[in-house]
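Here is a structure to go through by question and answer. Each answer sets a value against its definition.

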Amino acid sequence: MKIAVLALQGAFAEHIRVMQELKVETVEIRQLRDLENNPDIAGLILPGGESTVQGKLLNELGLMEPLREKIRSGLPVLGTCAGLILLASGIANDSNRYFATLPVTVTRNAYGRQSGSFNARDDFGDFGKISMTFIRAPIISSVDNPEVKILSSTDGAITGVRYRNQLGITFHPELDNDYVVHKYFKEIAAGYAGTNGN
């Protein structure tokens, strides 16, 4: 099984390290041919970083539409922080839209700038309490489809959701040591790989 990591900007190296520690083969997506040369990927990780920069590069490199189509066709995707913003169908404080495949509205930099970074420990899905590192994090300000499952909340703000094949997380699970989010995503990708013969 092979999982792709968008490697245009941001914390992609940390996601690759975690997946490799979980014994998952990874491939970096930096340009269109990386995607074309790996038709058998079973999942995609969109890392934290700068959503506006990543969105601009996705468009310039011709990656936006092919990746959007794969997500719409069922490819499992994990979007963390900026990656969640790329997935969101609505951004409350930004006129830009990117993949817009995840029916939630997010608010960028909801906790303020770097000084608003913090750590928490809250329940995530059925996995119990996990460490959560928030860095200039967005919040999920509304869920816009009844099929969206809320996985986690911190101080009343939604911090993790799942909608079909998409996981959207406001925090940075790649910076903590429990790997719960990545293990969960690995299970989703493995199910997809088994169904699609990858």
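Predicted model: local features only at pLDDT ≥ 70, side-chain atom pairs only at ≥ 80, totals over all residues.

Q: What makes D34 a buried charge without a salt bridge?
A: A salt bridge needs a side-chain nitrogen of Lys or Arg within 4 Å of a carboxyl oxygen of Asp or Glu. For D34 the nearest side chain of opposite charge is R33, 5.0 Å away. Lys and Arg count as positive, Asp and Glu as negative, and His and the chain ends are not counted. D34 therefore has no salt bridge. D34 is also buried, which means under 20% relative accessible area; exposed is over 50% and partly exposed in between (1.4 Å probe, protein chains only).

Q: Where is D34, and which residues does D34 touch beyond four places in sequence?
A: D34 lies in helix α2 (residues 32-36). Helices (H or I, at least four residues) and strands (E, at least two) are DSSP runs, numbered from the N terminus. D34 touches E28 and I29, leaving out residues up to four places away. Contact here means heavy atoms within 4.5 Å.

Q: What makes E28 and R30 a salt bridge?
A: Their side chains meet at 2.8 Å, N to O. The cut-off is 4 Å, so the pair counts.

Q: Why are E28 and R30 called partly exposed?
A: E28 has 32% relative accessibility, so E28 counts as partly exposed. R30 has a relative accessible area of 40%, so R30 is partly exposed too.

Q: Why does the pair D123 and K129 count as a salt bridge?
A: The closest N and O atoms are 3.9 Å apart. That is within 4 Å, so the pair passes. D123 is partly exposed at 41%, and K129 is partly exposed at 48%.

Q: How do you know that R164 and E147 form a salt bridge, and which parts of the chain does the pair link?
A: Their side chains meet at 2.9 Å, N to O. The pair links distant parts of the chain, 17 residues apart: R164 is in the loop between β11 and β12, and E147 is in the loop between β9 (139-143) and β10 (149-154). R164 is partly exposed at 48%. E147 is partly exposed at 44%. By this rule the count comes to 9 salt bridges.

Q: What makes β11 and β12 a pair of strands?
A: Strands pair if DSSP finds at least two bridges between them. β11 (residues 157-163) and β12 have 4, in the antiparallel sense, so they pair. Y163 stands opposite Q166 in β12. The hairpin has 2 residues between its strands, and R164 takes a positive phi near 55°.

Q: Which strand runs parallel to β12, and how many bridges join them?
A: β4 (residues 77-80), joined to β12 by 4 bridges. G79 stands opposite G168.

Q: How do you know that the buried residues of α4 line one face?
A: M64, L67, R68 and I71 are buried in α4 (residues 64-72). Seen down the helix axis, they fall within an arc of 105°, so they line one face. The arc is that of the directions from the helix axis to the C-beta atoms.

Key: Residues numbered from 1 in each chain as written. Heavy atoms only, no water.
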